[in-house]
Amino acid sequence: MKGIVFTLLNELVEEKFGLATWDNMLHESDLDGVYTAADTYPDAELLQLVTHLSSSSGIGTPALVRAFGNYLLPGFAAHYPVFFPPGITARQLLLSVDGIIHEEVKKLYPEAVLPRFDYEEPSPQELVMIYRSTRQLCPLVEGLIDGTAEYFGETIQQRHTRCVHRGDDACRFELTFGVTP
Amino acid sequence: MNTHAVMTDESELLARALRRERLARKKAETLLEDRARELYKSQQEVRDHYESLRTTQMQLVQSEKMASIGQLAAGVAHEINNPIGFVTSNVATLAEYLTVIRGLLESYGTLTDLLAEQPDVVPEVQTLLQSIRHTVQTEDLDYIVSDTTDLLRESQDGLCRVREIVQNLKSFVRLDQSPVQEADINEGIETTLKVVWNELKYKCKIQKRLSPLPPLRCCPGELNQVFANLLVNAAQAMEQGEIVIESSANETHVVVRISDNGCGISPDNLAKLFTPFFTTKPVGSGTGLGLSVSYGIIQKHGGEIVVESQVGQGTTFTIQLPLQGGPL
């Protein structure tokens, strides 16, 4: 997992739960917590940290991961403004994830293991995102979609109709834009 | 007390966070340096690839140029060959006719002299005799007769040269097929040295470093022509100097190297060296075909001819001929 995810998790925990919680999470997980955005770290470290946060905060892991996804989006926008050019819409950003953003990430970090998104566009108000990743972090995708809607001041209704955690081969997110949830 | 304890905890927390940040920064700096090094390395690789591409492109352009010039030369050689044939034949016949005409003119001269001495020549004949004598004197018939002989001889020489050029062009484009046989290249070098010795003997010392060579499947006559071209060129590049002829063989090739310590070749000329009709010799003394013909011959043998030169230092030609599988 790229370091940017860890540094943003660090920021989130410090902001929402305080420095002591982050320090405690590292201590409990026996991690040094030295994270830089450009480096790559084992996925297991993220899992350990989130598990500890879940148990210490009493919030379930999926809800935490979804909240983290929501927090990640403006973090990405701040770190990588090139992917958020003026005039871009939430739909356009979501459509650019696989073909543009991940392509650029690959140029910078050829070793990065990235999820794959396939798209269906049934109508201008609808978008289907099919998510495939060995990490199976679909709550993170849900949070990122929430974060995208918030960032652009739009409303996106999402329905997670198929899920790897329910035995499907991929996760299917059916999105409708401009609908008040 | 509690406040102090909390403050201590907080300052410890902050100290730990600061330590983590410092370590993270160091790590980021190391990453940055590693990336910079990788970037430099890949830039270096790109530069190397670019250089090798440029060299390859130059070689391709050169061989394309040679191929198109070769085709042109083949056409020219073919077209020139026929008219040169009948012009040569006509000039030879003209020379024979001239001998007859000259003999006849001498007889006419004697006849006019005899007639002029006769007292009873009719006036019409007398007038004609005077007119003939006048023309012979004013037009200088003796000079015309002797000059016509020279003109024909020079024309024959010129035609011989044209024929030689056509011949060279034909061998450049491999129109001529000389027999392929197994030969010792060292023997070829020795034979060629004897042939061109007159051109070399007053100007240069020859140093031979010939190693025993395995027999090579080749057209020995053509390779000798290459050696002759290189040796004569080397001699022409110097007032007094030395030519070193080396031969050796490795597992795959026979290598012949002919070096001189003559005037050298400028980089500009070096690039055009194997181009047909390119010559730096004065007009009339070089056809500009010697090296292009040599290039064609070496190519035909599946080999390579490479030249290195330093102005004022000398020139080295290296010929590599494959022992196996060279196209002939």
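Buried area is taken here as the accessible area, with a 1.4 Å probe, that two parts lose on being put together, summed over both. On this basis, in the predicted model, chain A and chain B bury about 1100 Å² between them, with 59% of that area on carbon and sulfur atoms. Of the area that chain A buries against chain B, A:Leu19, A:Asp23 and A:Val34 supply 46%, more than any other three residues. The contact involves 17 residues of chain A and twelve residues of chain B.

Between the two chains there are three salt bridges, and the side chains of A:Asp23 and B:Arg20 meet in a salt bridge with an N to O distance of 3.1 Å. Four residue pairs, both residues being at pLDDT 80 or more, are in polar contact between chain A and chain B. On the side of chain A that touches chain B, helix α2 (residues 19–29) of chain A gives the most, with five residues, and the residues of this side divide into ten nonpolar, three polar and four charged.

The largest nonpolar core holds 53 residues, of which A:Leu49, A:Phe173 and A:Leu175 touch the most other members. Among the elements of chain A that give two or more residues to this core are the helices α1 (3–16), α2 and α3 (43–57), together with the strands β2 (126–132) and β4 (171–177). When neighbours within four places in sequence are left aside, the contacts of A:Phe173 include A:Leu127, A:Met129, A:Tyr131, A:Val141 and A:Ile145, as well as A:Glu142, A:Arg159 and A:His160. A second, separate core of 39 residues includes B:Val196, B:Leu231, B:Met238 and B:Leu321.

Technical notes
Residues are numbered from 1 along each chain as its sequence is written. Chains are lettered from A and ligands numbered from 1 in the order in which they are written. This is a predicted model: local features need pLDDT of at least 70, side-chain atom pairs count only at pLDDT 80 or more; totals for chains, interfaces and linings use all residues. Side-chain values use heavy atoms; hydrogens and water are left out. Contact means heavy atoms within 4.5 Å. A salt bridge is a side-chain nitrogen of Lys or Arg within 4 Å of a carboxyl oxygen of Asp or Glu. A polar contact is a pair of N or O atoms within 3.5 Å; within protein, one must be able to donate a hydrogen and the other to accept it, and residues adjacent in sequence count only if both atoms are side-chain atoms. Helices (H or I, at least four residues) and strands (E, at least two) are DSSP runs, numbered from the N terminus. Ala, Val, Leu, Ile, Met, Phe, Trp, Tyr, Cys and Pro count as nonpolar, Asp, Glu, Lys and Arg as charged, and the others, Gly among them, as polar. A nonpolar core is a set of buried Ala, Val, Leu, Ile, Met, Phe, Trp, Tyr and Cys residues joined through side-chain atoms within 4.5 Å. Buried means under 20% relative accessible area, exposed over 50%, partly exposed in between (1.4 Å probe, protein chains only).
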